[in-house]
Amino acid sequence: NKEQFMTKQNFIDDLQKIYDFLDEEKAKTNELLKFLENKEFEKLKLIDDFAKDLDLKMSEDLRFALVTRLVNLRDDSLVQVLKKLEKSEKEIIEIQEKAYQFVKKYWHEKHKNLIDFIIQKNLLTPFYREIFIGVYNVGLAMSSWQSSWTAHIINKINKELIAKFEGNEEKIMKYLEDEKLLDLGHGGIVADRCYSALVKENETYSSKAYIKAFKKEVTQVVDALEEFVDKLIELEDEIYNQKWDYIAYIQSLIVAFSEDKTDELVNKWANVDRAWMKIKTPIQIGHPLEYYEDHFRKAVALEWDIRLTNPKFAQNDHRVNKIKSAFTKIFSSFEPNAKSEEYKKIFDFSFKSLDKVQLYVGRPALFFGAELNGLFSAQVVPNDEIVSLEEGKKIFAFSDEILQSSRAKPFLKLSREIFGQELLTKDRNFLFKQTASWHSVYDITTIGHEYGHILWCDEETESFMNKTGNFKNIEEFKATTGGLISYLLDEKDDEKHLKEAILIDLVKRSVGLISWMEVDEVQPYYCEGLIHLCALFESNILTWNEDKKELKIDLEDEKFEKLKVWYIKNYTALAKHYLEKLDATKFLNIYATKKDKYFMPNDENIKSFVEYYFKRYQEIGQELDDFDKKENYIK
């Protein structure tokens, strides 16, 4: 009997088999992108079925959008195509939901195959097999709740609020606060997120816990969680001895999902996070942690997944040490003033958080609910700073997944038109041929970003700075720039050779984020991009000629030095803004201002570029590039 003699090493060998299986399965899904690139449409029967399912006539750009929706779990291309087809807002919402159902069926099937693989090959131990099965069963319930969550919160209540206040977000935020429609958190102050939804009765709104607003759906989730606990109690974890930690965690989830008093919710979910922080195995469960989609009340999204750590990953403090040194440098550049002591407290708070980070590098194994509308490339959680003060944070980074996806992505006409072939050739040589360096850049930009979130904040920062609803819209810039600053202020030379790759990554990301202008749930990234564009234009790395509609890109050293000065200056100002806990809108408005529905750069030249890029994205964003081919890079 293998279980009786299973050693930790056997267990890790099994994890490797699962990890490899996920890699191969993802490669199969990515083949759909290859068939698209090579115009082998006869192999895309699945995508033809998808179009039929949505009752849409197949076209080149629809085919691209559907493959993107299924493979990369993003629906911004689909929405653009539907707008081009002049579908009404109501029709678009209906088609998005049908697409969600199709994608859900596809991925649930993939997840079931993973479970079958683990069971048939008798991998791991009975306890950990049950973790996979339990997460899968709860996941089915989470995914079916996702539909009514989106319909109710995003497409009904939020649209009503926008109509009621004619799109004025400050008025919406004030109304929610005045009418006491936000959950209260620790110490009875308004929390930075909600685990509840607004329900309209007669003409007034009231705030109801998820269990009341979505009774049927949440009851199904709770039932599945209860069954999960019952199964685990019968088994033992002889590998990591974390049986009771997993059980306490799932029991805390049952308590939190079942809580019906809105002002108790944040506390009950903080207990979930506390229990979760104790689990340190390579098999990490993810639960509702983040709140992007709901712009107003920050209702927590329905995340549910297993993240599997790469068995070859060795814990290291490489990035965090560089972050600490840059963080300290910026902090000590401040002149002493009356508030120096308060500042120091916040600095120490962040510094301690950095010390308590658990880093997990791996890939998503199972995912449900909100994640079928987009997976994260990395994550730092919990968002609850009170819990983080006690327990620290976990950072998840999915570098293998991202590298695999980046290599599979088709080349687009828009990229060549905007960036030019020369830059793309450099970028693609790097992507396909410099695997180790690619991972180093990911460490700076993406893992650095997650560490960057931790800096300059304490437990009150977000609720103070979010009075007008824009905290997240500067927080993503703060995060990315934190990672960049750890590179720019680095005194060691071990990463100097990555300079060009980091610059190209920054240029491509900042410009690419413009395409998310109209996608509300990722507005924080769009806004982040606008601020980076100010940096790139002011240092003349980018120059836009409006008459010729031409973007010039100059990666010369002297431009890089100007860029470095810009980032240090503006990031230092941002740090002060955070230490003062000033309203986020004030900082954002230095670079961009909301005109009508969307933020736009204040600088007329950058604004003209942003408008041009978005227009081209709408026109040709789904068109493939025939000029350059993958085989130029993969021999």
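**Cavities and cores**

Seven nonpolar residues, one polar and five charged make up the lining of the second largest cavity. In this count, Ala, Val, Leu, Ile, Met, Phe, Trp, Tyr, Cys and Pro are nonpolar, Asp, Glu, Lys and Arg are charged, and the others, Gly among them, are polar.

Before going on, some ground rules. This is a predicted model, in which local features need pLDDT of at least 70 and side-chain atom pairs count only at pLDDT 80 or more, while totals for chains, interfaces and linings use all residues. Residues are numbered from 1 along each chain as its sequence is written, and side-chain values use heavy atoms, with hydrogens and water left out.

A cavity here is a set of points, on a 1 Å grid over the protein atoms alone, where a 1.4 Å probe fits but cannot get out; lining residues have an atom within 4 Å of a point. Points are joined across faces, edges and corners, and the volume is the space filled by probe spheres set on them.

The second largest cavity holds about 150 Å³ of space. Among its 13 lining residues, Leu 22, Glu 25, Trp 107, Pro 364 and Ala 365 lie nearest the centre. At least two lining residues come from each of helix 1 (8-37), helix 5 (89-120) and strand 5 (358-369). Helices (H or I, at least four residues) and strands (E, at least two) are DSSP runs, numbered from the N terminus.

How many cavities of 30 Å³ or more does the structure hold? There are six.

Now the cores. A nonpolar core is a set of buried Ala, Val, Leu, Ile, Met, Phe, Trp, Tyr and Cys residues joined through side-chain atoms within 4.5 Å, where buried means under 20% relative accessible area with a 1.4 Å probe, protein chains only. The largest core has 103 residues, and Tyr 451, Trp 456 and Tyr 567 touch the most other members. Helix 22 (residues 523-538) gives the most to this core, with 10 residues. A second, separate core of 77 residues includes Ile 118, Ile 247, Ala 256 and Phe 398.

Technical notes
Buried < 20%, exposed > 50% of the residue type's maximum accessible area, 1.4 Å probe, protein only. 1 Å grid on protein atoms, 1.4 Å probe; cavity = no way out; pocket = protein on both sides within 12 Å on 5 of 7 lines; lining within 4 Å.
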